[in-house]
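Work through the exercises below with the model open. Each task is followed by a stepwise solution.

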Amino acid sequence: MALEKNIIWRDKKRILGMPISFTRYALSYDRLYVTVGAINIKDDEVLLYRVRDISVRRSLWQRMANLGTVTVNTSDKSTPIVVLKNIKDPLIVKELIHENAEEMKIKRRIRLGETINIDDDDLD
């Protein structure tokens with residue numbers, strides 16, 4: 001996983017509210033990491049400037065346990081969707097990802113153009 005000094009958030013996928021899973025998540029200032037497995041380990045990382053959209057979903061039982069699922073859509077070819085399942089404080093994590101993604105886009109001078117809706121009446 002990432003170097004310890006760069007990590008600003010980390011958590012595990014929780015089962016019944018307990019962090020007893022072999023799926024680990026971490027966020028640094030420039031990357032989002034997902035590590036899955038105990039014997040055969042798969043590491044994925046997404047550069048934050050590639051983040052396009054972030055959403056949070058919380059079921060009733062997740063809300064009762066202060067858990068949620070954060071879905072991150074990216075422009076990365078190998079990992080277009082990153083799902084952070086059953087993490088603690090999902091709204092805070094969403095904001096952390098958003099703030100750091102925007103900061104990385106500014107640093108790299110990468111801005112995705114916003115679409116502008118133009119009515120047919122405006123063209124006349």
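**Exercise 1.** Sort the lining of the largest pocket by residue class.

*Solution.* This is a predicted model. Start with the lining itself: Thr23, Tyr25, Val34, Val36, Lys42, Asp44, Thr79, Ile81, Val82 and Val83. Tyr counts as nonpolar here.

**Exercise 2.** Which elements give two or more residues to the lining of the largest pocket, and which gives the most?

*Solution.* Strands E2 (23-28), E3 (31-36), E4 (42-47) and E7 (81-88) each give two or more residues. E7 gives the most, with 3 residues. The space in this pocket comes to about 180 Å³.

**Exercise 3.** What percentage of the chain's residues count as buried, and how much area does the chain expose?

*Solution.* Take burial as under 20% relative accessible area. By that cut-off, 34% of the 124 residues are buried. Now turn to the surface. The chain exposes about 8,500 Å². Carbon and sulfur atoms supply 51% of that area.

**Exercise 4.** Among contacts between residues at least 6 apart in sequence, what percentage join residues at least 24 apart?

*Solution.* Keep the contacts that meet the separation of at least 6. Of these, 36% join residues at least 24 apart.

Technical notes: Residues numbered from 1 in each chain as written. Predicted model: local features only at pLDDT ≥ 70, side-chain atom pairs only at ≥ 80, totals over all residues. Heavy atoms only, no water. Buried < 20%, exposed > 50% of the residue type's maximum accessible area, 1.4 Å probe, protein only. Contact = heavy atoms within 4.5 Å. Areas by Shrake-Rupley, 256 points an atom, 1.4 Å probe, with all protein chains shown as cover. 1 Å grid on protein atoms, 1.4 Å probe; cavity = no way out; pocket = protein on both sides within 12 Å on 5 of 7 lines; lining within 4 Å. Points joined across faces, edges and corners; volume = space filled by probe spheres on them. Helix = DSSP H or I, 4+ residues; strand = E, 2+ residues; numbered from the N terminus.
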